[in-house]
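Subject: Structure handover and findings

Hello,

Here is the structure for you to look through. My notes on what turned up follow below it.

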Amino acid sequence: MVHSISNPTGITLVAMYAFLLFASCKKEDIDMVDCTGLTPTYTASVKLILDTSCAVVGCHDAITSQNGINLSTYASAKAISSENRFLGAIQHKSGFEPMPFGGAKLPEATIEILTCWVQNGSPE
């Protein structure tokens, strides 16, 4: 027997399906780290990481700006660093597109530098 949506059982089944569908789309929490003794700045360490791993031609450089993300300057990197998708992508969290695109995950020490930079307010 097929239940119609006007049937209370049918509505319950549709509601349960919708809940399961949306619950599976949850993004994984961003990892925070202990930054004691680690206070990276954009100029001293982050710029080099972004320039070699992210702001490369065809990706998040000033010209291409894939997905509207430009990581080639301090101002643009600081702006995006305040969004969860920055660390979520770099940390390869579920629900985020892992970055660098098509490449291996950055080394944990590099991810820690970027995470501490964000946790410390993304200083220049």
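The largest pocket has a volume of about 240 Å³. Its lining counts 15 residues, and those closest to the centre are I69, R85, A89, E97 and M99. Helix 4 (residues 84-90) supplies the largest share of that lining, with four residues. By class, nine of the lining residues are nonpolar, three are polar and three are charged. Please keep in mind that this is a predicted model.

The second largest pocket has a volume of about 170 Å³. Its lining is made of S53, C54, C59, H60, Q66, N67, E97, M99, P100 and F101. Five of these residues are nonpolar, four are polar and one is charged. E97 and M99 are among the residues closest to the centre of the largest pocket, and E97 and M99 also line the second largest pocket.

Cysteines

C54 and C59 both belong to the lining of the second largest pocket. A disulfide needs the two sulfur atoms within 2.5 Å. C54 has a relative accessible area of 10%, so C54 counts as buried. C59 is at 28% relative accessibility, so C59 counts as partly exposed.

The structure does hold one disulfide. It joins C35 to C116, with an S to S distance of 2.1 Å. The link is left-handed, with -100° about the S-S bond. It connects distant parts of the chain. C35 sits in the loop between helix 1 (8-23) and helix 2 (42-53), while C116 sits in helix 5 (residues 108-119). The two are 81 residues apart. Both C35 and C116 are buried.

Salt bridges

Side chains of opposite charge can pair when their charged atoms come close. How many salt bridges does a search of the whole structure find? The search gives five. E28, D31 and K93 are linked in a network.

Start with K93 and E28. Their side chains meet in a salt bridge at 3.6 Å, N to O. K93 lies in the loop between helix 4 and helix 5, and E28 lies in the loop between helix 1 and helix 2, so the pair ties together parts that are 65 residues apart in sequence. Is K93 buried or exposed? K93 is buried, with a relative accessible area of 8%. E28 is partly exposed, with a relative accessible area of 36%.

K93 also meets D31 in a salt bridge, at 2.8 Å, N to O. This pair too links distant parts of the chain. K93 is in the loop between helix 4 and helix 5, D31 is in the loop between helix 1 and helix 2, and they are 62 residues apart. D31 counts as partly exposed, at 39% relative accessibility.

Another salt bridge is formed by K105 with E108. The closest N and O atoms of that pair are 3.3 Å apart. K105 is at 37% relative accessibility, so K105 counts as partly exposed. E108 has a relative accessible area of 52%, so E108 is exposed.

Aromatic pairs

The structure holds three aromatic pairs. One of them is F86 with W117. The ring centres are 6.3 Å apart and the planes stand at 65°, so the pair is edge-to-face. F86 is in helix 4 and W117 is in helix 5, 31 residues apart, so to speak of the pair is to speak of distant parts of the chain being linked. Both F86 and W117 are buried. Ring pairs also link Y42, Y74, F86 and W117 into a cluster.

Best regards

How values were computed: Residues are numbered from 1 along each chain as its sequence is written. This is a predicted model: local features need pLDDT of at least 70, side-chain atom pairs count only at pLDDT 80 or more; totals for chains, interfaces and linings use all residues. Side-chain values use heavy atoms; hydrogens and water are left out. Buried means under 20% relative accessible area, exposed over 50%, partly exposed in between (1.4 Å probe, protein chains only). On a 1 Å grid over the protein atoms alone, a cavity is a set of points where a 1.4 Å probe fits but cannot get out, and a pocket is an open set with protein on both sides within 12 Å along at least five of seven lines; lining residues have an atom within 4 Å of a point. Grid points are joined across faces, edges and corners, and a volume is the space filled by probe spheres set on the points. Ala, Val, Leu, Ile, Met, Phe, Trp, Tyr, Cys and Pro count as nonpolar, Asp, Glu, Lys and Arg as charged, and the others, Gly among them, as polar. A salt bridge is a side-chain nitrogen of Lys or Arg within 4 Å of a carboxyl oxygen of Asp or Glu. Rings of Phe, Tyr and Trp (its six-membered ring) pair if their centres lie within 6.5 Å; planes under 30 degrees apart count as stacked, over 60 as edge-to-face and the rest as tilted.
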